[in-house]
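Please keep the sequence and the structure in view while reading.

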Amino acid sequence: MKTTTLDRAAALRADFPILARKIGGRRLVYLDNGATSQKPEPVIRTLDDYYRFHNANVHRGAHTLSEEATTLYEQARLHIARFINAPSDTQVIYTSGTTESINLVANTWGRANLGPGDEVLITEMEHHSNIVPWHILRDQLGFTLRYVPVTDDGLLDEDALDDLLTERTKLFSFIHVSNVLGTVNPAAELTARAHAVGAKVLIDGAQSVPHMPVDVQALDADFLVFSGHKMCGPTGIGVLYGKRELLEAMPPFKGGGEMIRDVKMSGSTWADLPHKFEAGTPPIAQAIGLGAAVEYLTGIGMAWVHEHEQELLAYAYPRLGEIEGLRILGPGPTRRSGLISFILDDVHPHDLAAVLDQAGVAVRAGHHCAQPLHDRFGISASARASFYLYNTPEEVDILCAALEKAQDIFAF
Ligand code: 7TS
């Protein structure tokens, strides 16, 4: 690996106070970034500052604190818009996360545009948050839900798309980077193919936006969704980006304060974007915290984050592959992002994760909210190591040593 990249990652670790923690007397090796990332000082400080000095409700009072809170809240939206190259910050809707963003699209755009005879296309590698909302809606509206198959190599079966994408397809909603296989799907190409049959496209960027440059205009995405907590930001905040004409045509998701223009006893009219979709007191501190996270990541450079994770992956992939009885799920290192799910012969992933925890190594075990994908591969669970900008090759070594030790423990 390039020493410049490594030196930088090692230096960045100092920004994350939790990385100094010991787990059972051992240094923490945090490899569960797919579930949530750790938070750097600038984000923690921003939250602390907000509550100490600026806390007030937004868009309401004429007093100083309310004006300050509103400015910070709206500045964060601008930073986020720039981060994904949105044409306007009014197309950045704050939600509680990826899950809520998808539910918002399903319940507003979906209810207005889907019915019997229509088809929604998703893939076999989706997170439950991009499956279950469509199950619920299909059962209510009577459209057909179809799935793009996944090949044995863990790639989308692009040949199957010719049959699956038709003039009946109203929406193609797909995961940009798989949270289990690590597969990076060719989002711009898939979007162009969907647009060619007149379908709209929703891209689940929960595992891409935190890890690589993502440009909504280059992708030509109709909707892009992601979560703040996986990209150095707080929990409880996420984003729905949408094309203006779609967001303007969509009815509101939730009704209440903030999202209205005018309320009479006879009915209500809606506020302009983005407020139409932000009913009630929003997650103010969390949005401001996400703005700080985006500034932090921008300062580092998303191209560097991506490069660093690719180098870690190139180091880890063959090393893990050398471990006897270990099977890596998904494609080879050139088509994936910095996460590796695996199964170890005869060892349940939960038992494995518990043994790794004793070595201070945090990985996730289970179906990672992707049960249909695990069914597709004939397994019920897997273990997953997922990297971020602060991980180092030494941590990969510690993971591998802990896996080898786990194998000894379970070899009876
Ligand atoms: N989509 C993908 C691709 C995800 O990885 C996740 C969370 C979600 C949607 C849902 O995000 P949320 O912030 O709304 O919960 N994935 C994981 C994971 O892989 N392990 O824990 C959470």
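**The ligand and its surroundings**

By class, the shell around the ligand is made up of three nonpolar, nine polar and four charged residues. The model is a predicted one, and every distance, angle and area quoted below belongs to that predicted model.

*Ligand contacts*

- There are 16 residues around the ligand, and those that come nearest are Thr99, Asp204, Ser227, Arg364 and Arg384.
- Asp204 places a polar side-chain atom 2.6 Å from a nitrogen atom of the ligand, while Ser227 has a polar side-chain atom 2.7 Å from an oxygen atom of the ligand.
- In the side chain of Asn179, an N or O atom is found 2.9 Å from an oxygen atom of the ligand.
- The ligand taken alone exposes 490 Å², and of that area the protein buries 88%.
- The largest pocket is the space that the ligand takes up.

- The side chains of Thr123 and Glu126 are joined by a polar contact of 2.6 Å.

*Backbone features in loops*

- Leu273 and Pro274 are joined by a cis peptide bond, with omega at about 0°, and Pro274 is placed in the loop between strand 12 and helix 10.
- Asn85, a residue other than glycine, has a positive phi near 55°; Asn85 is located in the loop that runs between helix 3 (64-83) and strand 4 (92-95).
- With a relative accessibility of 33%, Asn85 counts as partly exposed, because this value falls between the limits of 20% for buried and 50% for exposed.
- Glu258 is likewise a residue other than glycine with a positive phi, in this case near 80°, and its place is in the loop between helix 9 (244-249) and strand 11 (260-264).
- Glu258 counts as buried because its relative accessibility is 18%, which is under the 20% limit.

*Residue pairs separated along the chain*

- His128 is situated in the loop between strand 5 and helix 5 (132-141), and a relative accessible area of 18% makes His128 a buried residue.
- Although His128 and Ala370 are 242 residues apart along the chain, their C-alpha atoms are separated by 5.7 Å.
- Gly280 is found in the loop between strand 12 (267-270) and helix 10 (284-300), and with a relative accessible area of 23% Gly280 is partly exposed.
- The C-alpha atom of Gly280 is 8.8 Å from that of Lys254, and these two residues are 26 residues apart along the chain.
- Asp159 sits in the loop between strand 6 (144-148) and helix 6 (161-164), where Asp159 counts as exposed because its relative accessibility is 65%, a value over the 50% cut-off.
- Asp159 and Pro149 are ten residues apart in sequence, and from C-alpha to C-alpha they are 9.7 Å apart in space.

Methods:
Residues numbered from 1 in each chain as written. Predicted model: local features only at pLDDT ≥ 70, side-chain atom pairs only at ≥ 80, totals over all residues. Heavy atoms only, no water. Near = heavy atom within 4 Å. Polar contact = N/O pair within 3.5 Å; in protein donor to acceptor, adjacent residues only side chain to side chain. Areas by Shrake-Rupley, 256 points an atom, 1.4 Å probe, with all protein chains shown as cover. 1 Å grid on protein atoms, 1.4 Å probe; cavity = no way out; pocket = protein on both sides within 12 Å on 5 of 7 lines; lining within 4 Å. Sits in = over half its atoms within 2 Å of the grid points. Nonpolar A, V, L, I, M, F, W, Y, C, P; charged D, E, K, R; others polar. Helix = DSSP H or I, 4+ residues; strand = E, 2+ residues; numbered from the N terminus. Buried < 20%, exposed > 50% of the residue type's maximum accessible area, 1.4 Å probe, protein only.
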